[in-house]
Amino acid sequence: MNTPNLSQTPFAADGTFEVQLQKSGQTLQVTKDQSILKVLQDAGHDVPFSCEEGICGTCLTKVVAGTPDHWDSYLTPEEQEKGDCIMLCCSRSQTARLVLDL
């Protein structure tokens, strides 16, 4: 049986999605009322951040797989279109799983 590629599957109807950390393989659930940053912090990960509003660029993180849903004001439209990075403090996912370079 083939496992579905969640980095290509749309996120759940309730707004939840998974964040997989490429370096450790850990997978964390992000609900509709949480930021990726908050979920990472709650799991004990020390990630850089500052404004928590998507304007400073401090929490910029590389996306390995999946499609970010950009809610920031930092990246240009062209950078957002590339889909290869995300602001952990405010942006979300368009797919059921985002794999991050963490």
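Which side chain does Arg 97 meet in a salt bridge? That was my opening entry, and here is how the rest of the notebook went.

**Ground rules.** I am working with a predicted model, where local features need pLDDT of at least 70 and side-chain atom pairs count only at pLDDT 80 or more, while totals for chains, interfaces and linings use all residues. Residues are numbered from 1 along each chain as its sequence is written, and side-chain values use heavy atoms, with hydrogens and water left out.

**Salt bridges.** I took a salt bridge to be a side-chain nitrogen of Lys or Arg within 4 Å of a carboxyl oxygen of Asp or Glu. I found two by this rule. Arg 97 meets Glu 18, at 2.6 Å from N to O. This pair links distant parts of the chain, 79 residues apart: Arg 97 is in strand β7 (residues 97-100) and Glu 18 is in strand β1 (residues 17-21). I noted that helices (H or I, at least four residues) and strands (E, at least two) are DSSP runs, numbered from the N terminus.

My other entry joins Asp 42 to Lys 38, at 2.9 Å from N to O. Both sit in helix α1 (residues 36-42), four residues apart, or about one turn of the helix. For covering, I used relative accessible area: buried is under 20%, exposed is over 50%, and partly exposed is in between (1.4 Å probe, protein chains only). Asp 42 counts as exposed because its relative accessibility is 51%, and Lys 38 counts as partly exposed because its value is 41%.

**Around β1.** Next I looked at β1 itself, where four of the five residues are buried. Strands pair, in my notes, if DSSP finds at least two bridges between them. β1 runs antiparallel to strand β2 (residues 27-30), joined by four bridges, and Val 19 has Leu 28 as its bridge partner there. The two strands form a hairpin with five residues between them, and Gly 25 in the turn has a positive phi of about 80°. β1 also pairs with β7, this time in the parallel sense over four bridges; here Gln 20 stands opposite Val 99.

Which charged residue is buried yet has no salt bridge? I landed on Arg 92, whose nearest side chain of opposite charge, Asp 69, is 6.2 Å away. For charge, Lys and Arg count as positive and Asp and Glu as negative; His and the chain ends are not counted. Arg 92 lies in strand β6 (residues 92-93), and a polar atom of its side chain is 3.1 Å from the backbone oxygen of Gly 15.

Ser 91 counts as buried because its relative accessibility is 1%. Its side chain reaches the backbone nitrogen of Trp 71 at 3.0 Å.

Most residues other than glycine have a negative phi. Glu 52 is in the loop between α1 and β3 (60-65), and counts as partly exposed because its relative accessibility is 48%.

**Gln 80.** My last stop was Gln 80, in helix α2 (residues 77-82). Its relative accessible area is 22%, so Gln 80 is partly exposed. Gln 80 and Thr 58 are 22 residues apart in sequence and 16 Å apart in space, C-alpha to C-alpha.

Conventions. A polar contact is a pair of N or O atoms within 3.5 Å; within protein, one must be able to donate a hydrogen and the other to accept it, and residues adjacent in sequence count only if both atoms are side-chain atoms.
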